[in-house]
Amino acid sequence: MTEFTMTKDADGVAIITWDLPGKSMNVLTLTGAEQLDAAVTDALADEAVKGIVITSAKDSFAAGMDLNVLAGMKEQGAEGVFDGVMSLHHMLRKIERAGMDPKTLKGGKPIAAALPGTAMGIGLELPLACHRIFAADNPKARIGLPEIMVGIFPGSGGTTRLVRKLGVMGASQYLLQGKSVDPKAAQKAGLIDEVAADPVAAAKDWVLKATDADILKPWDAKGYKMPGGAPYHPAGFQTFVGANAMVNGQTWGAFPAAKALLSAVYEGAMVPFDTALKIEARWFTNVIMNPSSGAMIRSLFLNKEALEKGANRPDAPDQKVKKLGVIGAGMMGAGIALVSAQAGIEVVLIDQKQEAADKGKAYAESYFDKGIKRGKSTPEKAQAILSKITATTDYSLLSDADLIIEAVFEDVGVKAEVTKAVEAVVPEDCIFATNTSTLPISDLAKASKRAEQFIGIHFFSPVEKMALVEIIKGRETGNRAVAKALDYVRQIRKTPIVVNDARFFYANRCIIPYLNEGARMVAEGVSPALVDNAARLLGMPVGPLQLIDETSIDLAVKIAKATKAALGDKYPADNKPVDDLMVALYDQGRLGRKSNAGFYSYDEKGKRTGLWEGLSGLTPTLDEQPDVTEVQHRLMFAQVLEAVRALEEGVLEDIREGDVGAILGWGFAPWSGGPFSWLDILGAPYAAERCDQLAQKFGPRFNCPDLLREMAAKGQSFYGRFGDQKAA
Ligand code: NAD
């Protein structure tokens, strides 16, 4: 298969065109790399060729590396990865040096990249090795190096080149945060050189005029100095100290790729360019061989995308939503209306009073006002989206709706009334969804005449920020309702998981034990700072105590009461210290962030100022504090054992959903790839042994689930056993 083709024109310009057969986007394969290398070698050796333009036949330039290449290298061990990466470095270095005399640095052939659109990952690393980068004026195109977001870093010279081009500070947002920008912003930032109406023509013009000086990279010229200074320069020293502190402040040392990236940058900055590439390759190999990167790529790239594309969608015709009714214009309803209108869906937003409905729409208005102030939207665009939301009290406007999402008070009676009122006006085939977070879907469906068309679509707050949507099947929910929910989630560009109906569904079921375990430790006398910091050191975005403050202490008290009422004698006795502590805080009016008082203290502006000193008056303090790993294991096992139980009970049908849902839903340590990936990294035998120890010391909530015990005995892993298939 031909992935790169070359034509040579009468002006002496060789145009190398990337066009991966059968794909809408280019990704670099091993074959592709060989073909590109061969084409460049041929053009450099051909006396008739004066310069080279590398471009793509597709709308975009390239999306990145074919992940199979990385997987293939990894199978050959660390040496295989290192050798594979070094061969890419040699190829890109050949482009950069372009046949110039190594002594005089003269006589090379100009090579330009012409990007018709998006250029990500190796899709930008290859252009960075060229002498000039031209991009089409395509505001939808994204240019960047997103590797860090899936647990790796740019390892084909992107790290070394970008730091030498922009300096550590300039490059940091692209390397450390994976930020991508449109071509104009990329030009402004110095990632690319020119934005042109016809990038190939502009690149051709340039290569025909370029001089020896034009094609010599600054780092290959004598006297090169890194922008902002290298580590031993006074300014550079400060930059590196600052960057190191910033990265560790943000990641708490829990992300191997961020640490390795910093090391590659720091060590690389002190040596000549070619040695820096070798250092980059060593750290890249280190990261690839770390199980974290494989797990992150699997969950945050491959499986996230598979779920978004409908991996678990039942076979049903297209169910795209045209008109959505949102009932309840409170916090959740307002957010749901906003994201749906943004996706181009007509929305009828209903509340009991017109003022309440208007307030819901006003939420979208203020969202856009902020966007306009930040230059992210325009009044025209905002108006076009806002005009899709009709705020009303009139149910008859739902007569042609094809999906309803109910987000009224969390009350069975109110929800039943709304269900009946809606069903009286909507078309027979309309799907009805509830956004309940705690009430069983099958119970709520009893109010419906059409239980097979009744489903849970559970959003997380704030709706416009949170990427996960949990779809819950009631006992009688039919396939068309599931397909409808999935097609809707795809329209609003979020990531769905589909689970079965059970108390707290999946995400909340796992979060609650995490919060409880944190509070329980405080009730036992463990230092609150140790609890929250142990969680941050695990890579959790927020410690359990802070999260309780965010979600509110009155909600915790309410949920505990409702659970106790529902479970009766089966309510776990070891929850008592947690409940008592919550009630004690509640009684003092410490409801969390919303009352500016909770586990933490806050200033008048709502900024956290530190843990509340009065907490020690409510709880004992252990003379001997536990080891941080023990605290971490309690916090991790509390979550992952619930995930395993959800799988055992059939609430989860697919471990991919369990992993992706955990990271996107509650920020479960992303470096691990999710609860099942974390258990796989630990290994089932060790995980089972650790359960036994924790259960013996802290109680039956840590009892090893039968499934994990069986897997430990058989030496199985979750991904080995359940693979990419449903567990059922
Ligand atoms: P909210 O109190 O902010 O909003 C509820 C809205 O429903 C109010 O505007 C109220 O006037 C309206 N309402 C009540 N009865 C109505 C009726 N009969 N007809 C029309 N409108 C009516 O509540 P919220 O936080 O937006 O939660 C709504 C639902 O979403 C609940 O079921 C809740 O469990 C669920 N949920 C909440 C969150 C969260 O973080 N707040 C997260 C996920 C799910």
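A disulfide is a pair of cysteine sulfur atoms within 2.5 Å. Please keep in mind throughout that what you see is a predicted model.

How many disulfides does the structure hold? It holds zero. Let us consider Cys691 as an example. The closest cysteine sulfur to that of Cys691 belongs to Cys704, at 4.4 Å. Because the cut-off is 2.5 Å, that separation is too far for a bond. Cys691 is also buried, as its relative accessible area is 0%. Another cysteine, Cys130, has a relative accessible area of 2% and is therefore buried.

I turn now to the ligand. Which residues are the closest to it? Of the 22 residues that surround the ligand, the closest are Met332, Asp351, Glu410, Lys415 and Ser437. Sorted by class, this shell has 11 nonpolar residues, eight polar residues and three charged residues.

In Lys415, a polar side-chain atom is 2.7 Å from a ligand oxygen. The backbone takes part as well: a polar backbone atom of Met331 is 3.0 Å from an oxygen atom of the ligand, and for Val408 the corresponding distance, again from a polar backbone atom, is 3.3 Å. As for the area covered, the ligand taken alone exposes 830 Å², and the protein buries 78% of that.

Where in the fold does the shell come from? H16 provides the largest share, with three residues.

My last topic is Gln639, which is found in helix H25, residues 628-648. Is Gln639 buried or exposed? With a relative accessibility of 0%, Gln639 counts as buried, because buried means under 20% relative accessible area.

What lies around this side chain? A polar atom of the Gln639 side chain is 3.0 Å from the backbone oxygen of Leu635. Leaving aside residues up to four places away in sequence, Gln639 touches Cys510, Tyr514, Met540, Trp666 and Phe668.

To summarise, the structure holds zero disulfides, the ligand is surrounded by 22 residues, and Gln639 is buried. Thank you for your attention.

Terms used
Residues numbered from 1 in each chain as written. Predicted model: local features only at pLDDT ≥ 70, side-chain atom pairs only at ≥ 80, totals over all residues. Heavy atoms only, no water. Buried < 20%, exposed > 50% of the residue type's maximum accessible area, 1.4 Å probe, protein only. Near = heavy atom within 4 Å. Polar contact = N/O pair within 3.5 Å; in protein donor to acceptor, adjacent residues only side chain to side chain. Areas by Shrake-Rupley, 256 points an atom, 1.4 Å probe, with all protein chains shown as cover. Helix = DSSP H or I, 4+ residues; strand = E, 2+ residues; numbered from the N terminus. Nonpolar A, V, L, I, M, F, W, Y, C, P; charged D, E, K, R; others polar. Contact = heavy atoms within 4.5 Å.
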